[in-house]
Amino acid sequence: MKTKLKYLLIASILMVSVFSCVKDNFNFDKWDKEVQYDASFAAPVAWGDLAFTDALRMYDSTGLFIVNEEGYVSLQYLTRVSSNKVNEIIYLNNQNVNGTVESPDFNFAQFSAFNDTVSFFYTDFLTFSMFNAEAEIDSLILKTGIMDIATNSTFSHSARLYVKFPSVTKNGVPFSTIFTYTPGGGSSVSLNNDFTGYNIDLTQTPTNFNEIPVEIRLTLFWSGTTDNSGTVSFDVNMKDMQYKIMHGYFGENTLFFESDTIDISLFKSNDWEIERYLFMDPKFKIYYWNSYGVPSQFYFDHLVAHSVLQGDMNILDDANNLPIGPANPYDVNYALVVGQRMLDSLKVNKENSNIDDVVNARPQWIQFKARATTNPAGLDHHNFVIDDSQIEVEVIMELPLWGYIYNWNLKDTAKVDLSDLQNEYNPIKRVLVRVDIQNGFPIEAFGQVYFTDENYVILDSLFYTYEERLLDAAKVDASGKVLDFSRKITKIEYVDERLKKLETCKYVVYAAQANTTNAVAGTVIKIFKDYRVKFDVGFEVDLEVEGNIDSISNAF
Amino acid sequence: MKMKKHILLLIFAGVLASASAQQGLTLYNMDRVMQSQFINPAIDVPYKFHIGGLLVPIAGQLPPPIYFNYGNNSFYYNHILHMGKGDKADNLVLDIPLFMKKLKKTTHMRFDTQIELLNLGIKLENMFLTVAITEKFKYGMSLPYDIFEFTLNGNMPYMQEGKPHDFSGFGVNFTHYRELAVGGSMQANNDLTLGGRVKILFGMANVNTNFKELSLYTDPDDYSMTFTTDMKVHSSLPIFFDMNMLEIDSVGLSLNEASLTAFEDNPASYFLNLKNIGMGFDIGASYKLTPEIDLYASLIDFGFISWNTNPQNFISKGQYDFHGLEVELWENDEERDASMQNFADTLFNIFKPDLLETSYLTWLPSSVYVGGKYKFHQLLHFTALYRGEFYRKSYMQSLTLGVNSNLTECISAHLTYSLAHRTANHIGFGLSARLGPVSWYIITDSFTNMIWPQKATNINLRMGCNIVFGYKKIKSSASMRT
């Protein structure tokens, strides 16, 4: 019995022990929550294969880069200005003509019974007052226009007034209107006659321009009285007229262009400095688009480049005898048929101007005022304008990228917050960034990034060696064209110790310097649109977390 | 001799490298339990008639006839969390290095649940006929070692070795089917008994994957990543996915609303589905080698199911080199966002599967049993059983040694020791007890794992109750000790 009890006791103890052990294993309150994680990852981040054409596409909207006539790339700064609107120079005034038909104008000999009538007919001329005393207009088509005619009769007889404008037609039908009066007279008006689309021929009078004939016919109907005295007066007003097209001779008019400024950001930016440079073939270009059908001359009143070094410089002065100052205006192509928009251009370079000196003076902006005059040769009845005729001018400073730039450097500072690195459980123990660049541009670059504290005291720099900083330029042939890519693989490694240095970093100062290939020796290069740069960026990161899982969770 | 030693070692290693689903390592030699015919149709059950299953009133529910098996060929709980040592002796500690050490090339975590609805058997002269209806659920997940390697160690160790992360073993599977089995066994002669079962299978639901290739190679020179895929996901479910969602560049699928509504309106249709028909076979044999030694062999679950209800086959095959985000000169935020979207679309399109809505077949995980029994004494039999199973292109093995005793005419007890699931700590236990016509049984292949679940790579339990009639004691051999 005792033995059985002993076995039972042992078995019980064993069972309790086993179940206690099992229970402990699944009692998560007993978990010490200590975790350790140690992993290393590598991954690509980004890649690119950027051709200069991509940059051109990107900058198409601003037109900063273009492929020039020689096939390589130019940097161009431009502005486009327009002349006054055509209807500010060549416009239609309100026109008026009036007259009176009086009793003596009639022969009343057979005018004594009902059904007897007498008529008087004559032609008057409406002379147009013009925008310019010299203007001699032949014809026009109205886009809009209103005609008001007011009449009054004082005759005792009933009467009918017929007014006709034989040279004001629409679809070949002249404009006319009839007024009738009851015995004793009175007023009769025809207001707001819409002249939209009417064709006005101003050559149907002896003057042969600026006039239209007005035919007046007044008929009196005997109305049982012997009183034949009286008058009929009329007053014609043409107003609010806008033309669709106008032909003739417009006289000498002056078209003013908005004053404008071209910023040369290459020399104006405060973000960078250039120690030395050479542009082999700088150019100054003016393009004109003229839809006036009027011989015109264009010239600058004012064309000045401003540089910090030399102040204001006249780009094209009279001394150079270039056809662009007030004394030597430029005859601009003009439209010969309606709807034509004629392009004309004027290009100057270092051979025929002082543009070379101007560019070397690092101009920050170019300012100009321009105007154009019409009909410099005098009377010519072949002028025409339409309602949106305009002269537009594009002024371009073109810097073909043929030459060299030496020590183009830029520097900037950015505020950063790397306080997360101070976290006790910051899992990042090492970071390696790998940058693989294949440079197809004839430009070498040096870069550096400094990490500073709040007092700009340098804590660390991104690169430690000269080699790390350098990105070699692609080699070029004798003409300045790139032969092959240069390749550079840079690995920037940040280990725990180095990361700790950045814990108090408040500012990042980054600086870069660039030169064209062998610029120090004056080698000139050309930038072609198919130049490209390829890059591949990847990283390695070592992560390590060790500690209590609750503390780690709270730390983040 | 040395060769033999090596072969033995290989067998031993192979046996340890297994994780099986349906298994009956202890049940195999419990001839008083009619369910032993599930794993060898040739087993001679000593009753003239038996009936069991959930559909049998009262006896079918006390207890319900269920079978559950969990198997893991790599790790158990204590390989992740275990009691510490020294000053941590009273604490649970997380042990990732140990976990990693225990992981195999592919970790299979498998579950098998079976509910017997009806089981009927009758002895006719020289023949024993059975009919059984069983509801079966087989589900599990396979995780390749490299998934854990990538997650826990990162991709750099492999990158430095120049080898890819191989995720091709990854898999998810779930199968629910109903099995109607009709079987019979007969004595071919005095020594040989043959048996077989023909099964008609009614599939209810299936999801399974076949990842022939899924790998990630990180180039040590530029860290570019190459993803290679050759994978298929098959599904046949009452609620399926909308294929329209796959035609747009959007990550994610949505459930087909119509099928969802139909299922909600008539969930019974799921259980009455007869569209997914399959067939299977069990065959077995027992041979009386000597009066004391019996030999057994059986092949179980050789069959397939054809899935025809809402079949969806998602197929992805391709290779993609990932170099990071392509940087372009974006003019504005819209252009940049569009570029990012293109990048995401491109990445998705690599894995974007093609959808084929055609029927497909799945094969049952077939098992092979080979064993023998040595009747040392009328009340003491020693058994040995080898089991092999084909699963997801792997061959799982186990070896079981057993001691069996029909203690009385009503009670039999069985004790087994198995090398299985890559561990050698499986002590199984089986007990059958009969009271009048009611026969209960409870069996586990790994009793120790139920006591110490923290060390369990296999949890296995079968229990139930049968109504039996006509017990016929199997005659002892003349030479057998009494």
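User: In what order do the five strands of the open sheet stand in this predicted model?

Analyst: Strands here are DSSP runs of E of at least two residues, and helices are runs of H or I of at least four, both numbered from the N terminus. Two strands pair if DSSP finds at least two bridges between them. The pairing in this open sheet is mixed, and the order is S31(A)-S25(A)-S34(A)-S1(A)-S14(B).

User: Which are the edge strands?

Analyst: An edge strand of this sheet pairs on one side only. The two are S31 (486–495) of chain A and S14 (325–326) of chain B. Residues are numbered from 1 along each chain as its sequence is written, and chains are lettered from A and ligands numbered from 1 in the order written. The model is predicted, with local features needing pLDDT of at least 70 and side-chain atom pairs pLDDT 80 or more, while totals for chains, interfaces and linings use all residues.

User: Which element supplies the largest share of the side of chain A that touches chain B?

Analyst: Contact means C-beta atoms, placed from the backbone, within 7 Å; 30 residues of chain A are in contact with 36 of chain B. Elements supplying at least two residues each on the chain A side include helix H1 (2–25) and helix H2 (52–59). The largest share, 14 residues, comes from S1(A).

Terms used
Two residues are in contact if their C-beta atoms, placed from the backbone, lie within 7 Å.
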